[in-house]
Amino acid sequence: MSSSVPEREPEEEVVVVHAGGCHCRRVRWRVEAPASVVAWVCNCSNCSVRGNTHFVVPAARFKLDGGPGAAEEFITTYTFGTHTARHTFCKVCGIASFYYPRSNPDGVAVTVACVDPGTLTHVEYRKADGKNWEEWFERSQIGGLSKGKAEE
């Protein structure tokens, strides 16, 4: 008789709706993501000066609040370098609560500090080497984070 422990099935990721936005609350959004997320601390020239730490979700799981045009009128965008990443921020308070990252142009990067309290149960912080982006991107597997389960 074997005394081995049976293998456990991997637990299903519990997806919750997180709300958040900028400091002045003119830009508000909701995002469907796990209660436990992996957040990237990036050292690129933009993220490092902003202190941005973000997690990535498929674009279909991110929605601006307030109906068509409500939040958009307060959002402006900055690009640099390859112009693939679209760094969005509030025109009024200047907070970048989300952006469209170079690593996942089909996804959205949500700033952890801009998520309203109460729905994130755990944040695992990982380093993103934005200064050496091409090398880091190949080994990081971040590109898959903006793909939904059905796309994998």
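This dialogue goes through some features of a predicted model.

Q: What kind of model is this, and how are residues numbered?
A: The model is predicted: local features need pLDDT of at least 70, side-chain atom pairs count only at pLDDT 80 or more, and totals for chains, interfaces and linings use all residues. Residues are numbered from 1 along each chain as its sequence is written, and side-chain values use heavy atoms, with hydrogens and water left out.

Q: How many helices and strands are there, and in what order do the elements run?
A: Helices (H or I, at least four residues) and strands (E, at least two) are DSSP runs, numbered from the N terminus. The protein chain has 2 helices and 10 strands. Starting at the N terminus, the order is β-β-β-α-β-β-β-β-β-β-β-α.

Q: What share of the residues is buried?
A: Buried means under 20% relative accessible area, exposed over 50%, and partly exposed in between (1.4 Å probe, protein chains only). Of the 152 residues in the protein chain, 39% are buried.

Q: Which residues of the largest nonpolar core touch the most other members?
A: In soluble globular proteins, nonpolar side chains tend to be buried together. A nonpolar core is a set of buried Ala, Val, Leu, Ile, Met, Phe, Trp, Tyr and Cys residues joined through side-chain atoms within 4.5 Å. The largest one here has 21 residues, and Trp 29, Phe 55, Val 57, Phe 62, Phe 98 and Val 110 touch the most other members. Strands supplying at least two residues each include E2, E4 (53-58) and E9 (107-111). E2 gives the most, with 3 residues. A second, separate core of 7 residues includes Trp 40, Tyr 99, Ala 109 and Ala 128.

Q: Where is Val 31 found, and what is Val 31 in contact with?
A: Contact means heavy atoms within 4.5 Å. Val 31 is in strand E2 (residues 28-34) and is buried, at 1% relative accessible area. Leaving aside neighbours within four places in sequence, its contacts include Val 16, Phe 55, Val 57, Phe 62 and Val 110. Val 31 and Val 16 are 15 residues apart in sequence and 8.2 Å apart in space, C-alpha to C-alpha.

Q: How many disulfides are there?
A: A disulfide is a pair of cysteine sulfur atoms within 2.5 Å. A search of the whole structure finds 0. Cys 90 is in none; its nearest cysteine sulfur, that of Cys 24, is 3.6 Å away. Cys 90 is buried, at 1% relative accessibility. Cys 114 is also in no disulfide, with the nearest cysteine sulfur, that of Cys 22, 8.0 Å away. Cys 114 is buried, at a relative accessible area of 12%.
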